[in-house]
Amino acid sequence: MSLPILARPGATFLTVLQGAPSGLVAAGSVGVRVSDMAGGTPVPRQTAGIVEAPAGSGCYLASPTAPSTTGLYLPEWDTGSVSPGSFFADDPLLVSPFVGPLGEPTDVAVSTRAAAGAIVAVSGAVDVTGDVTVVAGDDYAAAAGRALVWSSSAWPDLTGAAILLALRAGEATAVLFTASGLVTVPSATVRQVRVELTHAQTGSLRPGVYGFQLVATLPGQVVETLADGRFTVEAA
Amino acid sequence: MLVQPSATFTTTVSGAPSGLVGTIRVRLTAADGSVAVAASTAGVRELVAGSGCYEATITAPTTPGRFVAQWDTGSVSPTTLVADDVLIVSSLAGPAGEPTDVPVSSRAA
């Protein structure tokens with residue numbers, strides 16, 4: 001079984017056709033599309049942007065735009081008609097917001113995140129990776145020692161910054177939830193911010209996995225994302 | 001495959017005729033079809049004599065992007081050229097090409 005191609009929703013990815021006859025770009029007959037393997041074609045067949053490289057090789061490269069919806073898809077090539085000898089499928093395409101901008105796999109090497117400057121967990125709800133897990137309906141108050149706290153030595157001076165936590169179901173989707181935060185250590189070697197959530201706020205979230213973005217708006221309206229990753233809401 | 005810019009990575013091909021060291025060559029082509037690393041026979045070895053399975057260690061481009069390693073048996077045609085898996089060159093890769101946490105580590109780099 002082949003490993004899937006990875007892409008963020010709406011990002012481009014590289015798909016390759018090899019062993020085809022050469023000269024099909026000039027003929028305008030080679031095309032690629034992306035199917036949902038359920039009869040749909042979220043990315044219609046396209047012939048633009050396909051290159052044969054090297055010339056005469058019968059090896060074609062294309063960088064289509066992935067579907068905007070998370071899921072498993074299949075890049076499908078054809079040489080101008082559909083038949084067993086003219087239709088080819090590349091490796092499956094997995095579209096997920098939890099992928100790097102070039103399609104890099106993510107969330108594997110915790111040690112990388114523990115390197116100097118990486119985010120360090122100082123709250124039970126925020127793990128060493130910077131990701132968050134909360135229980136729907138629970139309070140996450142600083143007074144109880146349960147606030148969501150992130151820290152890093154790599155952030156800029158946060159003096160005067162406004163902090164906002166935003167949740168999305170997927171990278172390309174609308175913001176579902178926001179909560180304001182607070183800079184607790186603005187300019188020491190390791191800066192720190194925190195977000196408190198009430199039981200009403202966590203109770204408003206359906207259990208599941210969201211993408212979160214922790215954003216600082218610095219003086220002068222300079223906006224910087226401090227962290228992003230998974231925000232898991234567990235059922236009470 | 002995932003690799004840091006300028007790091008080395010290994011590409012392999014199997015099912016080729018055996019005994020092609022010195023003839024079989026590998027190149028790296030960018031997603032737009034341009035040549036990233038020119039075709040070369042240097043450093044190519046047959047993994048096990050007689051196997052028709054070859055490997056080569058290539059230095060990745062300095063610029064992040066998507067590439068494909070392509071092998072040929074000394075000439076270029078649909079029957080003599082084979083592409084390896086897509087190669088992603090990214091500064092977010094680990095030193096040995098291991099996946100890392102992009103959202104967090106990229107902010108904290």
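B:Arg25 and B:Asp72 form a salt bridge, with their closest N and O atoms 2.7 Å apart; the term stands for a side-chain nitrogen of Lys or Arg within 4 Å of a carboxyl oxygen of Asp or Glu. This pair links distant parts of the chain, since B:Arg25 sits in strand S3 of chain B and B:Asp72 in strand S7 of chain B, 47 residues apart. Strands here are DSSP runs of E with at least two residues, helices are runs of H or I with at least four, and both are numbered from the N terminus. B:Arg25 is partly exposed, at a relative accessible area of 25%, whereas B:Asp72 is buried at 0%. Buried means under 20% relative accessible area, exposed over 50%, and partly exposed in between (1.4 Å probe, protein chains only).

Before going on, please keep in mind that this is a predicted model, where local features need pLDDT of at least 70, side-chain atom pairs count only at pLDDT 80 or more, and totals for chains, interfaces and linings use all residues. Residues are numbered from 1 along each chain as its sequence is written, chains are lettered from A and ligands numbered from 1 in the order in which they are written, and side-chain values use heavy atoms, leaving out hydrogens and water.

B:Asp72 has another partner: B:Arg27 forms a salt bridge with B:Asp72, with 2.3 Å between the closest N and O atoms. B:Arg27 lies in strand S3 of chain B and B:Asp72 in strand S7 of chain B, so this pair ties together parts 45 residues apart in sequence. B:Arg27 is buried, with a relative accessible area of 11%. Through shared partners, B:Arg25, B:Arg27 and B:Asp72 join into one network.

S3 (residues 25–30) and S7 (residues 65–72) of chain B run antiparallel and are joined by 6 bridges, and B:Val26 stands opposite B:Trp71 in S7(B). Both strands belong to an open sheet of 5 strands in chain B, ordered S1-S8-S7-S3-S4 with mixed pairing; two strands pair if DSSP finds at least two bridges between them. Strands S1 (2–3) and S4 (35–40) of chain B stand at the edges with a single partner strand each, so one side of each has no neighbour in the sheet.

A:Arg33 lies in strand S3 (residues 31–35) and A:Glu76 in strand S7 (residues 71–78) of chain A, so the pair ties together parts 43 residues apart in sequence.
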